[in-house]
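Colleague: I am new to this structure and would like to learn how to read it. Could we go through a few features in turn?

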Amino acid sequence: MNDSSPPSVFSLHDADPQPGLILDAEGAVLKGNLATRDLCQVAGLASTSRLLPVNVHALVKSALEQGRAIENVEARIPGTILMWTFIPDARTGRVLARARDATQDILTQEEATRSNRLYRLITENTTDLISRHAPDGRFIDATPASWRLLGYWPEELRGKPLEEVFRGNNVVQKLAETRNMLRDDGYATMTLEIIHRNGSRRWFEIASRAIRETYTGAVIEVISVSRDITARVESEENNRRLADELAHTARLATLGELASSIAHEMNQPLATIVNFASASQRYLKNARTNPECLDRVDDGLQKIVHHANRASEVIKRLRAFLRKGQKRTAPLALNDVVGNVARLCQWEAEKNNVRIREKLACCAPVITADPVLLEQVLINLIRNGIEATVEARGEETQGAPSQIVITTCINDQNETLIEVTDEGPGLDEQGIRQMFQPFYTSKPQGLGLGLSMSRSIIEGFGGFLDARPAATGGLSLICRFPASLSHKTRTAAKENQPDE
């Protein structure tokens, strides 16, 4: 190309790795170096002018008129982002355009911008509180959700200790435990009941992670996410109250069904007391003439005391069974619980010519459960067994009594089992699957809630209630309690065989 202009101070070198062009006053390309030509070839461009920004004419004109370099002008070509600098030579009216590959820098910057925009969108609109803390718990920063959850704006929280913001019972102790966990494990979760700034009580679920210094491993900052779970906690409390009401209603219903058994339990000791009292009165009348009668009076009084205590125990058991309130879990001697329940059901069993037989483990297993609820479950299982046994026998009530066998044992997995086996008609696989469903029943007058509620109670203890066909042709209902609920490992596998 012809060029009659004065020689330029600019020069291009093919050894320069950066693209370079010499432009005239109109922005047309006069010359380019090897890096420019290579870049055109890689990008598939027909002309080096396609590497320049679209407004190159205006840029060249401005650089020449103002006598200054114009820097960092972006131009995008396939696969590459170039940042151009336009350096004017006023004497020749030419401009040196030099470019650098800024692809990675700009993409990184754009990604950071997008991330920052997303971060701001999340932090400004999330319903959870995201906060940063110094190792001692003081707030460094917090998201705007702090106003709704705590009653403080983020700028109010900065510098405040957690103990000043999270006020409530046991808060200081739980915060100290959490700091220890963050120091040792780097992660901690806790559930807190706190007092909101407006005085209302709130429940929070807080997950925290420690940020450590690279070389020393010391905790330099803590990031926490706090969620308001008040609605969930209140719902669970309402459900617990409702469950307690249902359980109490079920106990009242069971008490009505056991009325004849209870009457028998009370009638026996009371009738015995009356008999011994009457006999003692007669002996007292003859005591003046026959001093030996006083020994009989003493014996009668002792028996009156014994049977009065027995009646008192019956009343105590019934009051405990009907007790209403929060669950009271405690270590229970399982064999004793089974014995108490068997006595409660004894009269109903005898009335139907059914014998309740106990096969109790010698190792005296102990589990953690609510004694009243566990007794309620066992009464349900025994009464179901009695009804099934009577159903299988039909109207035949003579001859040897049928049996309900209650077994306690600890299996090879260290699980504690209570098994109630009847001699009823049994169930097929489909019947066993359906029997624990609410409102499913084969009894004309049944509601179908007993076994469903019993399974829920056992699962509430951490155990499981299931059924399987029994060798007797009837059904075995098994309460299974994992080793974590047991206070005693297996020490013996033998069972006491009751006298036939």
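Modeller: Start with a definition: helices (H or I, at least four residues) and strands (E, at least two) are DSSP runs, numbered from the N terminus. The model is predicted, so local features need pLDDT of at least 70 and side-chain atom pairs count only at pLDDT 80 or more, while totals for chains, interfaces and linings use all residues. Residues are numbered from 1 along each chain as its sequence is written, and side-chain values use heavy atoms, with hydrogens and water left out.

Colleague: What comes just after H2?

Modeller: Glycine 67, which takes a positive phi of about 65°.

Colleague: How many helices and strands does the protein chain have?

Modeller: The protein chain has 14 helices and 17 strands.

Colleague: Which residues of helix H2 are buried?

Modeller: Buried means under 20% relative accessible area, exposed over 50%, and partly exposed in between (1.4 Å probe, protein chains only). In H2, which spans residues 56-66, the buried ones are Val56, Leu59, Val60 and Ala63. They lie on the same side of H2, because they cover an arc of only 95° around the axis; the arc is that of the directions from the helix axis to the C-beta atoms. The general idea is that an α-helix has 3.6 residues a turn, so residues three or four places apart point the same way.

Colleague: How is a sheet read?

Modeller: Strands of a sheet pair through backbone hydrogen bonds, either parallel or antiparallel. Here two strands pair if DSSP finds at least two bridges between them.

Colleague: Over how many bridges do E6 and E10 pair?

Modeller: Strand E6 (residues 129-133) and strand E10 (residues 219-228) pair over 5 bridges in the antiparallel sense. Arginine 132 stands opposite isoleucine 223 in E10.

Colleague: Is threonine 143 buried or exposed?

Modeller: Threonine 143 counts as buried, at 5% relative accessibility. Threonine 143 lies in the loop between E7 and helix H4 (145-150).

Colleague: How is a pair of aromatic rings read?

Modeller: A pair of aromatic rings is described by the distance of the centres and the angle of the planes. Rings of Phe, Tyr and Trp (its six-membered ring) pair if their centres lie within 6.5 Å; planes under 30 degrees apart count as stacked, over 60 as edge-to-face and the rest as tilted. A search of the whole structure finds 3 aromatic pairs. One of them joins tryptophan 147 and tryptophan 153, stacked at 4.8 Å centre to centre with 5° between the planes. Tryptophan 147 is partly exposed at 42% relative accessibility, and tryptophan 153 is partly exposed at 38%.
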